[in-house]
Each structure stands twice: as structure tokens, then as C-alpha cells.
Amino acid sequence: MPRVLVRIAAVAVVCATSAFAQAPRDSTVADSARRLRPVEITGSRAAGTIGGVSAVVITPAELRSSPAPLLEEALRESPFVHVRQNSRGEMELSVRGSDSRQAAVLLDGVPLSLGWDHRTDPSIVPITGAQELVIVRGLGSVLTGPNALGGTIEVSHDNAFGRPVSGGVWGGAGIDEHAAYVASLGAGRQFAGVFQGTLSLRGGVAHRERDGFALAGGASDPTAARGLRTNSDLRVTDGFLTARWNGALGRALGVTVTGFNAERGVPPEEHLTDPRLWRYPYQARAVVALSGNAGAVRTPFGFGTLELGAGYNGGRLRIESFSDRSYLNATAAELGDERTISSRALFTHTLPRDARLKAAVTLADVHYAETLPADTAVEYAQRLWSTGAEVELPLAPATALSAGVVYDRSVTPLTGGRAPQPPLDNIGFRAGMTHDISAEWRLHASGSRRSRFPSLRELYSGALDRFLPNPDLAPETLLGLEAGFTVDRRIGPIPDARLQLNLFHHDLRDAVARTTLPAPDDRFFRVNRDRVRTNGAEILAGVAFGEQRARSITITGDALIQHVVVTDPTAAGRPARHVENSPDRRGMVEVGVPFPVGIRAFVNARYTGRQYCLNADTGGEMRLAARTESSLAAERRFAIARGGAIRGIRVLAALDNAMNAVIFDQCGLPQPGRTLRLMVTIQ
């Protein structure tokens, strides 16, 4: 209890400083990605389209989950991206019923999702100081690199669109009733007249610590202590530094360096008799992103630009397995050392009739060293290539077509002494169209086909003898179709109404499926077996009653309705199965109401539909019933006199999962229970 009081007092000191601030500022956020032509839905997110597919732009500074959110926290506040914890303690992403390895995650252009496992754990990806997140569902471009077929999530620290980054000082602190806390601090400054351009520098640090998260009422956990979930502690420290020079005609140079160091537990699966009892004593990662743009250059055929980028993504971890739920006696350990070096060249050139040609080459070299108990390090390597071209062609003043083709290839030169996989390659394509009916209405449609190559972990890892490796896995191939519209207009007495509707169809062939080997082996085994077909609809909407957003009543919401069918073409007559851990319906409704003295309150309800999982004990499916979670929040913003390093202060109190509902990420892994939080940020 004394530690709780000390941390609350520290946050209270920050809160007290806001009492000397002036009147609240308007909370409207400017469009943060003009190339998307976004339509603002709330103060923290906007809807748009890229090449005929739908997109959402997130402003991290406006999120309510944390003053320095991890990527997981930002995505849980975002529409249409399903985030869940798995049995390894990692967070997985799913877009439109996809597997977590089918969505690409980019950090300032560096593909975090290319590596040992070809997926990103957003629970330890810090986005401290990030200026925006762009979430694209579906294949928005064939030039985003290999293995990007089910969507992209791009985190930007500097400004990917060529505008100078913001200066000043920012930061924040937060605490909850269980003494978990987070603190961050950052600063930025711009220097004009540097080599006839502008130099922008930004940097920051953050630290997060918790002894565990709250156990929801009614959730099973026989070893829970002080109301906290067993082995759910977390400690993460991260920092970043960016430098970007912007010159005339689009010339630019940039570098971003970011990294983190973490220690964390893995909550056990409560529906199994023999769950994983794991911890990560340490997990560290460093990412370096280099970028350059030669600017517009006249050629005999028009104007062209050349962008070059390179990235380093390196990490080390240790996993320990324990004999019992006291987590005192480690019985096995696994060490991993991962390095991924990527590079990309993007050439853009104008064409007649205001058309534009883009061509890109992306290379990635993945190296992983795995050390098991009493063994020396075993080396694995994978090389991936992606070469593609796209054409953007205006068909009419209000209609544009984009189309592209891509060639992808993968080889595994180092396989840890196991049988090597033969080289794999594939050709993919996409086409998309947008049409502006008016300044308020936009239609879009797209179709694409692309493959994902299996990761080194899927092919060769035994996961502390939980899996039997299978080096014969083939690529998965996804056919995706989408159509929808976006509207932003006044409707009768409502001055501010926005809506985006999308219909989609995904057909995944040769999906990698997890099976259980017959007794007495009982290990998991991955095979190319399933066909996964997903049909669904996405709705994103918002209305505001009042001309000034800070003083208006707002109603926002999103909904995903999908029907996912899994079939095994090799088993004639076998009935279709449900895809694991993919709710058939998800949605959110939030109401924002202004109160006196500048306070604004929010009531939020999130619905998670029924879902299924595979029970390793029985080999059969388990069904999880639909649940609804409600949250409350109230915030007050204070404006600071212009001209200083700090522009404003935001104070927020929130009650997460107010009804203490049991919401499962997957079988045996409940989300946090009711939690009271206090948060202060400076901007």
C-alpha cells in the first residue's frame, strides 16, 4: 500500500500543476495523412482509402489507454483489428479473420513482422513519440515488401509524408489502483536554414511497470494473489531518437533509432491440465531505420524520384519453463538471438495524363540463433525478395485506378541441421479503384492475390519440445476482395456525420493449421491443410451534435460482422470447422458528453462475439460465449500560453471494464478485470 500512495502522490503533483493552466483548448485533431484523404471519425482516428482499400489513421497522442501506449494498447482502441494474448504470452493480431502472420507491421519503414516468426508481438512494441499509426485492411499496395497480404500497420515517428515533425516537450504519467505505473518524457526541436533545409530532432524515453493485471470476477485462477492474475507482471523501458532533414523538391534524409528492454511473465492457460509455465527473464530489441529521398528530378519523360531505405531489427530473449505455478524452479530454457536486415528502393515517375508509375525492390535477410539446454547455438537463416510495380491512372477527374504486380521469393540457407526447404516463389497482383461521387461521397473497390512464406519458427522450431518441426510447409495464398464507400456530410440538424462501410471476401488456400499428434507423442504439428473463407462487413461511424467538438455531444461506433469457415479439402465428408480465436462479431459504441468547467465524459461499450478454440487436452473445440465490456472516462484539457515548449495539459481518469466482465482473448486467458486509472499528459 505505501508504494501505491507514493505513486499516486507523484501523479497528483503533476495534476496540481494543471490548476494554473488556462481555459480548455478544442480537441479536434487535424487530418494527419492527407494522402489518404481521411475523414475524421473521433479525436484520435480517421477513416480513409488507399488504392481502393479502406484505412484508419490513429493519433497516439489522443488515445486514452496510456500516456505512453504500447502498440497493443493502441490497437485495442482501434477498430477492426483483433488483438489477443496467446499461450506464449505474446499478443497476436488478426484482420478480417486472418492469422497474425498475415498482417505486416512497419516501424518507420522497417518490417518488424519479418523475422524468426514472421509476426510482431505488439505487447512489447513501444510507440513512444509516434506521430501516427496507419492501419490498412487488405492489400493496399504490392510494394510494401514480402509476406504482406492481410493488411499493414505502419507506425511513424518522423513524418513519412515529408512535413517537418512537431517540436516542443511532451510526456506523461499514469497509475492504476494496483500500483502499475507508466511515465514518459520527450522533446523535439526544429532548426531552419540547415543546408538550405529544415532539420528536425525528436527523442524520448518511457518506463512501464506492473506486478500484474486485475483478475476479472468469476475468472478461474487458483494461484491469483492480491486480486492479480498469476504471472502477469511486466517491466518495459524504451527510448527513441529521430533526426530528419527536409530540403527543397522533396529531398530528405532521416534516421530513427528505437529500442526496449523487457521482463515479463506468461499467464497460464486455465482450461488445461498442463499449461505452459513460462517467463521471459529478459527480452530486448533495437530497431534502426535509415531513409533518403533524392527529390524530384526532371527526365526526358517527366519527373522521377528515388527513395532508399534500410533497416536493422535485432533482438535477444530468454524463455524459461518452470515445474510449478510458484515459478521458482526453472526446468528448461531457450535463448534466441535474432537479426533482420532489410533494404528497399522505391522509384516513382510521372506518366502522361497525370498517371504515375511506382517500382520497388525489397530485400530481407533473417538470421536466428537458437540455444536450448545443454546445446550449442543452432543457426537458422531465411532470405526474402520482393520486386513489384504499380501504376496509378486517373480515368476521369473523379475516378482513379491503381494496379500492380509483384514477384516474391524465399530461400532458407541455414536450417539448424534439418532438411532444407526448397526455394519458394510466387506472383501476386492487385487492382483498386476509387470514385468521388461528390465532395462528400467516395466509392472504392479492390481485388488482390498474394502468398505468405512460412517462417523459420513454423518450419524448424520445437518450442521447448511442444512442436514437431515440419520443413515441408508450403506458402499460404490469399485472394481478397473489397468494396465500400465513405461519406462525410451534414444530415438535417446534425452538422457533423461520418460513415464508412466495407464489404469484404477473403479466401485463404493452404492455410497452415496446428494439429495434435497421436498418443503417446501428443506434440503439436503444423501442416498446410485448411481453406479459410471469410465474408464480412465493417462499419465505422460518428456524429457530433454541436459546432465545436469540445463542447458537443458525440456518438461514435464501429462494428465487424464476419462469417469464417474452415474446411479441410483432404478429408472428404468432414464437416467445416470454426477458425480458432476469431469472434464472429465485434463492435464498439461510445458516447461523449460535455460537462461544466471543461470536463468531457465518455461511456464506452465493447462487444466480443462468440469464438472457438482447440482444447489440447481433449482435441476438440471449445466455445466461448459472447461478452460485453463497458468503460468510463472523464478528461479535462488545459491550454498553455502560446510560445512555450508545452502547449497543453490533459488530465484523465478512467474505469476500465467497469462491470468486471470476463472477456477471453482465447480459451483460458481472460483479459484484465475492473481497473481504476489516473493519467496526465503534457503536449
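## Strand 20 and its partners

In which sense do strand 20 and strand 21 (residues 399-415) pair, and over how many bridges? The two strands pair in the antiparallel sense, over 15 bridges. They form a hairpin, with two residues between them. To find your place along this pairing, look for Leu 384, which stands opposite Ser 410 in strand 21. Please keep in mind as you look around that this is a predicted model.

Strand 20 also pairs with strand 19 (residues 355-371), again in the antiparallel sense and over 15 bridges. On this side, Ala 359 stands opposite Ala 389 in strand 20.

Val 361 is 26 residues away along the chain, yet its C-alpha atom and that of Thr 387 are separated by 4.5 Å.

Let us turn to the interior. In soluble globular proteins, nonpolar side chains tend to be buried together. Here the largest nonpolar core has 29 residues, and those with the most contacts inside it are Leu 71, Leu 75, Val 81, Leu 93, Ile 127, Leu 133 and Val 155. Among the elements that give two or more residues to this core are helix 2 (71-76), strand 3 (53-58), strand 4 (81-85), strand 5 (91-95) and strand 15 (278-293).

Beyond four places in sequence, Ile 127 is in contact with Pro 60, Pro 69, Leu 70, Leu 71, Ala 74, Leu 133, Val 155 and His 157. There is also a second, separate core of 13 residues, which includes Trp 116, Tyr 368, Leu 424 and Leu 456.

## The disulfide

How many disulfides does the structure hold? It holds one, and this disulfide joins Cys 613 to Cys 667 with an S to S distance of 1.7 Å. The torsion about the S-S bond is about -105°, so the disulfide is left-handed. Cys 613 lies in strand 31 (residues 611-614) and Cys 667 in the loop between strand 35 (664-666) and strand 36 (669-670), so the pair ties together parts that are 54 residues apart in sequence. Cys 613 and Cys 667 are both buried.

Thr 608 is in strand 30 (residues 599-608). With 16% relative accessibility, Thr 608 counts as buried. Not counting residues up to four places away in sequence, Thr 608 touches Pro 583, Arg 585, Arg 586, Ala 626, Arg 627 and Ile 663.

Glu 270 lies in the loop between strand 14 (252-265) and strand 15. At 18% relative accessibility, Glu 270 counts as buried. Beyond four places in sequence, Glu 270 touches Ser 220, Asp 221, Pro 222, Arg 229, Arg 325 and Gly 668.

## Two residues with positive phi

Most residues other than glycine have a negative phi. His 118 has a positive value, near 55°. His 118 is found in the loop between strand 7 (110-111) and strand 8, and at 2% relative accessibility it counts as buried.

Tyr 327 also has a positive phi, of about 55°, although it is not a glycine. Tyr 327 sits in the loop between strand 17 (302-322) and strand 18 (330-351). Is Tyr 327 buried or exposed? Its relative accessibility is 10%, so Tyr 327 counts as buried.

## Where to read with care

The mean pLDDT of the chain is 85, and 88% of its residues reach 70 or more. Over residues 1-35, however, pLDDT stays under 50, and the model has 69 contacts beyond four places in sequence for this stretch. pLDDT also stays under 50 over residues 160-165, for which the model has 19 such contacts. Where pLDDT is low, the predicted coordinates should not be read in detail.

Conventions. Residues are numbered from 1 along each chain as its sequence is written. This is a predicted model: local features need pLDDT of at least 70, side-chain atom pairs count only at pLDDT 80 or more; totals for chains, interfaces and linings use all residues. Side-chain values use heavy atoms; hydrogens and water are left out. A nonpolar core is a set of buried Ala, Val, Leu, Ile, Met, Phe, Trp, Tyr and Cys residues joined through side-chain atoms within 4.5 Å. Buried means under 20% relative accessible area, exposed over 50%, partly exposed in between (1.4 Å probe, protein chains only). Helices (H or I, at least four residues) and strands (E, at least two) are DSSP runs, numbered from the N terminus. Contact means heavy atoms within 4.5 Å. A disulfide is a pair of cysteine sulfur atoms within 2.5 Å. pLDDT is the predictor's confidence in each residue, from 0 to 100. Two strands pair if DSSP finds at least two bridges between them.
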